[in-house]
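Please keep the structure open beside the text and look up each residue as it comes.

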Amino acid sequence: MAIESPLLLAAVSLLSALHMGYLVRRVGRSRMAHKIMPPAVTGPPEFERTFRAHQNCVEFYPLFLVVLWTCGTFFSEVAAAGGGLVYMVARQMYFNGYVHSTKKRIPGFYLSLAALFSLFLLSVIGVLRGILHKYSDIQL
């Protein structure tokens with residue numbers, strides 16, 4: 001069930017790394033605009049929302065990478081890549097919404113949770129299918 005060359009997974013992973021770099025830059029620009037020197041993480045509400053939006057994206061990033069690669073390896077690389085792209089769009093919606101108002105982050109947050117849950121569910125299906133095939137000789 002393993003994929004031969006995970007080009008789509010690698011491409012989505014690299015794109016997600018660029019996206020995370022972009023969000024880091026947004027925090028840096030907010031620091032400069034509000035004259036907040038590291039390591040301070042408090043300041044005007046605009047800065048704190050930008051900083052918190054980025055931190056939340058950082059907190060979810062390992063979960064995203066695990067389910068992206070597990071789904072792509074054991075279920076479908078195309079489905080994983082599609083789900084990964086949806087997740088990144090949702091995270092951008094979340095980030096942009098949060099920067100403007102905490103309430104505006106909600107649609108992006110729910111969409112990113114749906115993408116993560118979908119990738120997780122497909123990962124579980126793929127892994128269970130692989131276990132059944134390998135250890136019980138059952139093919140689904």
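1. I begin with R31, which has its place in helix α1, the helix of residues 7-34. Please bear in mind throughout that this is a predicted model. R31 is buried and yet has no salt bridge, and the nearest side chain of opposite charge, that of E48, is 10 Å away. A salt bridge would need a side-chain nitrogen within 4 Å of a carboxyl oxygen. What does R31 touch, not counting residues up to four places away in sequence? The residues are I36, M37, P38, A40, V41, F47 and F51.

2. The loop between α1 and α2 deserves a careful look, and K35 is one of the residues that lie in it. K35 is not a glycine, although its phi is positive, at about 55 degrees. With a relative accessibility of 72%, K35 counts as exposed. P39 also has its place in the loop between α1 and α2, and a cis peptide bond, with omega of about 10 degrees, joins P38 and P39. As background for a student, most residues other than glycine have a negative phi, and most peptide bonds are trans.

3. In helix α2, I would point to P62, which has its place there. Is P62 buried, exposed or partly exposed? Its relative accessible area is 48%, so P62 is partly exposed. P62 and L15 stand 47 residues apart along the chain, and their C-alpha atoms are separated by 15 Å.

4. The largest nonpolar core has 23 residues, and those with the most contacts inside it are V12, F64, L68, A80, Y87, L116 and L119. The elements that give two or more residues to this core are α1, α2, α3 and α4. To see one of these residues in its surroundings, take L116, which is in contact with F60, L63, F64, V67 and Y87 once its neighbours within four places in sequence are left aside.

5. The buried residues of α4 are G108, S112, A115, L116, L119, S123, G126 and R129. What covers these buried residues? The cover includes α2, which runs over residues 45-74, and α3, which runs over residues 77-100.

6. D137 is a residue other than glycine, and its phi has a positive value, near 55 degrees. Because its relative accessibility is 64%, D137 counts as exposed.

7. My last point concerns the cysteines. C57 is buried, with a relative accessible area of 2%, and C71 likewise counts as buried, at 0% relative accessibility. How many disulfides are there? The count comes to 0 disulfides, under a rule that asks for a pair of cysteine sulfur atoms within 2.5 Å. For a reader new to the term, a disulfide is a covalent bond between the sulfur atoms of two cysteines.

Terms used. Residues are numbered from 1 along each chain as its sequence is written. This is a predicted model: local features need pLDDT of at least 70, side-chain atom pairs count only at pLDDT 80 or more; totals for chains, interfaces and linings use all residues. Side-chain values use heavy atoms; hydrogens and water are left out. Buried means under 20% relative accessible area, exposed over 50%, partly exposed in between (1.4 Å probe, protein chains only). Helices (H or I, at least four residues) and strands (E, at least two) are DSSP runs, numbered from the N terminus. Contact means heavy atoms within 4.5 Å. Lys and Arg count as positive and Asp and Glu as negative; His and the chain ends are not counted. A nonpolar core is a set of buried Ala, Val, Leu, Ile, Met, Phe, Trp, Tyr and Cys residues joined through side-chain atoms within 4.5 Å.
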